[in-house]
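Here's a walk through how the chains of this assembly meet. Have the viewer open while you read.

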Number of protein chains: 4
Amino acid sequence: MAVRAAVAGASGYAGGEVLRLLLAHPEVEIGALTGNSNAGQRLGGLQPHLWPLADRVLGETTADALAGHDVVFLALPHGQSAAVAEQLGPDVLVIDMGADFRLADAADWERFYGSPHAGTWPYGLPELPGARAALTGAKRIAVPGCYPTAATLALFPAYAARLAEPEAVIVAASGTSGAGKAPKPHLLGSEVMGSMSPYGVGGGHRHTPEMIQNLGAVAGERITVSFTPTLAPMPRGILATCSAKAAPGVSAESLRAAYEKAYADEPFVHLLPPGQWPATGAVHGSNAVQVQVAHDEAAGRIIAISAIDNLTKGTAGGAVQSMNLALGLDETTGLSTIGVAP
Amino acid sequence: MAVRAAVAGASGYAGGEVLRLLLAHPEVEIGALTGNSNAGQRLGGLQPHLWPLADRVLGETTADALAGHDVVFLALPHGQSAAVAEQLGPDVLVIDMGADFRLADAADWERFYGSPHAGTWPYGLPELPGARAALTGAKRIAVPGCYPTAATLALFPAYAARLAEPEAVIVAASGTSGAGKAPKPHLLGSEVMGSMSPYGVGGGHRHTPEMIQNLGAVAGERITVSFTPTLAPMPRGILATCSAKAAPGVSAESLRAAYEKAYADEPFVHLLPPGQWPATGAVHGSNAVQVQVAHDEAAGRIIAISAIDNLTKGTAGGAVQSMNLALGLDETTGLSTIGVAP
Amino acid sequence: MAVRAAVAGASGYAGGEVLRLLLAHPEVEIGALTGNSNAGQRLGGLQPHLWPLADRVLGETTADALAGHDVVFLALPHGQSAAVAEQLGPDVLVIDMGADFRLADAADWERFYGSPHAGTWPYGLPELPGARAALTGAKRIAVPGCYPTAATLALFPAYAARLAEPEAVIVAASGTSGAGKAPKPHLLGSEVMGSMSPYGVGGGHRHTPEMIQNLGAVAGERITVSFTPTLAPMPRGILATCSAKAAPGVSAESLRAAYEKAYADEPFVHLLPPGQWPATGAVHGSNAVQVQVAHDEAAGRIIAISAIDNLTKGTAGGAVQSMNLALGLDETTGLSTIGVAP
Amino acid sequence: MAVRAAVAGASGYAGGEVLRLLLAHPEVEIGALTGNSNAGQRLGGLQPHLWPLADRVLGETTADALAGHDVVFLALPHGQSAAVAEQLGPDVLVIDMGADFRLADAADWERFYGSPHAGTWPYGLPELPGARAALTGAKRIAVPGCYPTAATLALFPAYAARLAEPEAVIVAASGTSGAGKAPKPHLLGSEVMGSMSPYGVGGGHRHTPEMIQNLGAVAGERITVSFTPTLAPMPRGILATCSAKAAPGVSAESLRAAYEKAYADEPFVHLLPPGQWPATGAVHGSNAVQVQVAHDEAAGRIIAISAIDNLTKGTAGGAVQSMNLALGLDETTGLSTIGVAP
């Protein structure tokens, strides 16, 4: 019997991506699609790449519209998920692709988002130690942010093996879809093509506390993160270049062993062979993660780099992977590790 | 029982794309992979997006290496397919993604390619009138060129309905993967990003006689084609802008009716609703074709525009679609109509 | 004594480009800068590439603000130029980079713009036969549209020499800056990168009557134009692929001779040597025009192709070139023929 | 009397860029142009954007061809400059845009380049403390690498003011022209568009010792640099994201003051107003440098970011700026601070 899934926020990039993946998922039947300002419009005009759904018309995002489904994906502006989730009842699997339920620390939430904390849901990054158990059978899931997904997967094996000092420096380049579909002057094609630029510099980006939370939990100590996101002239992809001082005694071999151990059985994380480095183009449209790590002896640092597709593994693919776990399906059902390249 | 498929030329763009599609094909098992200068190398270093095949090593392209498969895909430089095909025996399905067997007219071949004509195989464009019958059960298939695929699907319904004069003007923009993976200065990223440029202007492009052949067969008369290809700053996609003088009595309604008739039952061709125009981004990585047509009364012309992914529907997707027909499988098996966008 | 120039609409792409050129013009001193919704803001935040003007603050676009200058450049939405120009007095040189005064035929204007015709000013395309005389000493100048600039310069020599039949087919690819800086969803970087798409298909684009006007005047007869604009994934540049049936007796030699005659003394038009084709990258940021022409004997057509930078020769460079003529300066003052490539 | 300049290596990107700038330089007359594999070819086919030089034919790179000029720019593969320079005589100004004479430490050279050290020439980064004096009247100049230019200008004011600990972490994104014009598969447009990827990770990039040399000299102590270069999908530009632990007592105010002091009188360095961040698009084609700095209190680090055009300020613009100083001209002659945007 098919799993019936609804998507709230179906006209945006996260909503469109989750629909692209659900259309290829053998166990899912797509139910209600809702929007906000786009309610009443055909999906064919809003998401012309989703041909099989072209004639679907978006409804309003209301509890009534979303009722009667097994799974509801929320792709809403932050602050709106709690009210919707409450009305859906405890037996519906609610997967929030927004930020509302990612942080455990209410003070962190309030400092970075300026509103009351809605709560904390099981965190949809199955590769993190302990996460799979919490996701199996869960009815509420908070999908990680795209940058925290990339940075955590690049660095956590080093922290898990106590090979890195607790001060991480993360510089990540993101494709423009990470900034969403609401039109703003600095996101125009004319502005972004041929240009790289940083934003949220100096600790202000809202994904910073999420990285600290993830890496600190693995490290077992408080860590600091200096995070600088940059906007790159490409539609999709995150390349996260992460480093930290090497702990005493680290060698290239111990580092490699730590990553091999962490990722030996992970279906979506591809620890590249020595000498090959991640490229976002290679994971375009897939749920794969490319990871590589090096030891810079002269500088005394480890450098770990990951590449993901921000919309797939960084958002909608991570959501579907977590849904599979929650529903007791094989974790890889409907998800691909094959990029669309070149 | 799985169909065993070999790919000759697995390190190039066409070979990589056919492997991407075959990995998702439920009836196919991937057998031998061969290359030329890259024989002996791991596929993981050559096609890093094809993770499940990363540890495969390319063999030499020899009859021995390709023997023992049900299907052999040839992605070879033109002029090399005939010799390979001969050695494979008549019971093996040989699908040539190169040009060698596309043209029926030996004189055309010799004028455009400067070498003896190898022959003519069933033409792998199932949407063309009569093509499906020739492909069903076929053991040899010539996959159309990417530009002829786009241009033929844009224009043939108008010629089939006698709505266009026999002088077509076709201007097409192609992504750079159409030019292949052999490194040449004018294909460097530095050269193509931010620039549009034409090539093969004035009738010299080798895809011109193939367009004339396709459209002339449908029109039932000799037609001329003025074809100008241009190189666009994107990795994939063809946008074909095609026009011809309107035949006497053409109206917007008769035009629409002709296209609706031609494409009513086609699983991969999406005739867009009036007012919506094709975009290559919407078919990225999919086997879908977007088509739209208009009547410019003031200029007395019909304008038909199509968008395809040059590597998918324009090459490897068309090859797999034809393979499905030849093998008696459902034509859409393993192929998607959903683009990877944005 | 310096020419004092004001720019109305200084925060948009046309306004920014004219400022970039005026900053390098040895005879011009930049006076008032005005905006609309951006009045009161520093230019440094709006046009960060114009460093020498970073601390200038935009005023409101009023007659008072623009008074007291020798030249006023108008980069306004169409329909607003006439009212401003009237208040500036007959001795001020007013250069309209918008559409209001380009068309001679009031009925054409009303059909394409849906508002009363404001009038007709000398047309700022000096390369057109007769245009220089009308521009010398002029006090009002209508800068051509970007597409008409590219298409006219590609085709008019063929019409002037009676080598082309009066039915032109023009397909042009434009960089996204041609669509302006007002944020709209389809102009987001995420949407345009990796995608080509047409718009205004079937004769609806407002630049069509301007092309008909220019080419018809040279041809000495009524011509039709089938014009299809497409949006290309690059910030700047227009590649115009233009063709028409060859007149009886046309040869490659007669065609070449016609273009050599037309462009022998033109400082900005570069008729490329035989075999070399235009590329928008080669004229990026310059006032140069690359042109090439071919005779397709099999199709019986001539194909003429031009490349310009839509913001420079297609808008602001054409404006400055015309200003130079109007003021009696050397036509090339302050303008470059050297592209910023790669 | 004009300065006569020759360019060896005129067909590559560095050579093309220095010619673009010299064409706009009022005191320079362009003399001999030489190439290697391209000798005998017209420049118009190799550098189609340099129209005024289109009919120049490249000579062989020999001492004879380069003799008789006041200035010789060398854009040669590393290891070839010393032999050429020796034959040119001590009175000719020789400006090496390659790496041969940048490093003071012979052991560093040998470790990173694997060949004997040719020597050390005055270092062409006028903004570095003490550099202008060494460049004034110089007859030999080593132009800095593009990454060291960006990173040094981002960080040195912090080191000069003792505000940063001696362990710098630098992640830089570069446009593809930095990798040169020799065609290699990973530099194809198809590969780079839509993809970000790192290279030379872990301390292996040859620009690392140059950064250590520059920053260490300013800091007055030995520093380490962890440098990760990444390839970005754009033709030009470097965005350097640089950080270091803040020294005790650092505040946002002390940091701002240090940068204001360092750059108060620099004609090419634009310290942006607080809140505005560099973008490579804003300096495209110009010699300008955009710099901004922040204090991340939570992470205890300073973050300094710069944007340059790798071919202009990062190579050929830095070369012309240094030439101006060496010849006693105004340092800004022929150089622009205005980017070509969008």
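First, some housekeeping. This is a predicted model, where local features need pLDDT of at least 70 and side-chain atom pairs count only at pLDDT 80 or more, while totals for chains, interfaces and linings use all residues. Residues are numbered from 1 along each chain as its sequence is written, chains are lettered from A and ligands numbered from 1 in the order in which they are written, and side-chain values use heavy atoms, with hydrogens and water left out.

The table puts the two contacts next to each other. Contact means heavy atoms within 4.5 Å. Buried area is the accessible area (1.4 Å probe) that two parts lose on being put together, summed over both.

| Interface | Residues in contact | Buried area | Share from carbon and sulfur |
|---|---|---|---|
| chain A and chain B | 34 from chain A, 34 from chain B | about 2500 Å² | 66% |
| chain A and chain D | 41 from chain A, 41 from chain D | about 3100 Å² | 67% |

Take chain B to begin with. There are 0 salt bridges between chain A and chain B (a salt bridge is a side-chain nitrogen of Lys or Arg within 4 Å of a carboxyl oxygen of Asp or Glu). Polar contacts do turn up: 12 residue pairs, both at pLDDT 80 or more. The rule there is a pair of N or O atoms within 3.5 Å; within protein, one must be able to donate a hydrogen and the other to accept it, and residues adjacent in sequence count only if both atoms are side-chain atoms. On the chain A side, helix H1 (13–23), helix H2 (43–46) and strand E11 (269–271) each supply at least two residues, and H1(A) gives the most, with 4 residues. Helices (H or I, at least four residues) and strands (E, at least two) are DSSP runs, numbered from the N terminus.

Now chain D. In chain A, Met196(A), Pro198(A) and Val201(A) lose the most area to chain D, together 17% of what that side buries. This interface has 2 salt bridges; one of them joins Lys245(A) to Glu167(D), with the closest N and O atoms 3.2 Å apart. E7, helix H8 (189–192), E8, E9, E10, E12 and E13 of chain A each supply at least two residues to the side touching chain D, and E9(A) has the largest share, 5 residues.

**The sheet in chain A**

In what order do the strands of the open sheet in chain A run? The 7 strands go E8-E9-E7-E10-E13-E12-E11, with mixed pairing. Two strands pair if DSSP finds at least two bridges between them. At the edges are strand E8 (197–198) and E11 of chain A, each pairing on one side only. E8(A) and strand E9 (224–231) of chain A are antiparallel over 2 bridges, and Pro198(A) stands opposite Thr230(A) in E9(A).

Helix H9 (208–219) of chain A packs on the sheet, touching E7 and E9 of chain A, and its direction makes about 135° with that of E9(A). Axes are lines fitted to C-alpha atoms, for helices over the stretch in contact, and angles run from 0 to 180 degrees between N-to-C directions.

**Salt bridges overall**

Over all chains, the structure holds 48 salt bridges. In chain C, Glu17(C) pairs with Arg236(C), the closest N and O atoms being 2.6 Å apart. Glu17(C) lies in helix H1 (13–23) of chain C and Arg236(C) in the loop between strand E9 (224–231) and strand E10 (238–245) of chain C, so the pair ties together parts that are 219 residues apart in sequence.
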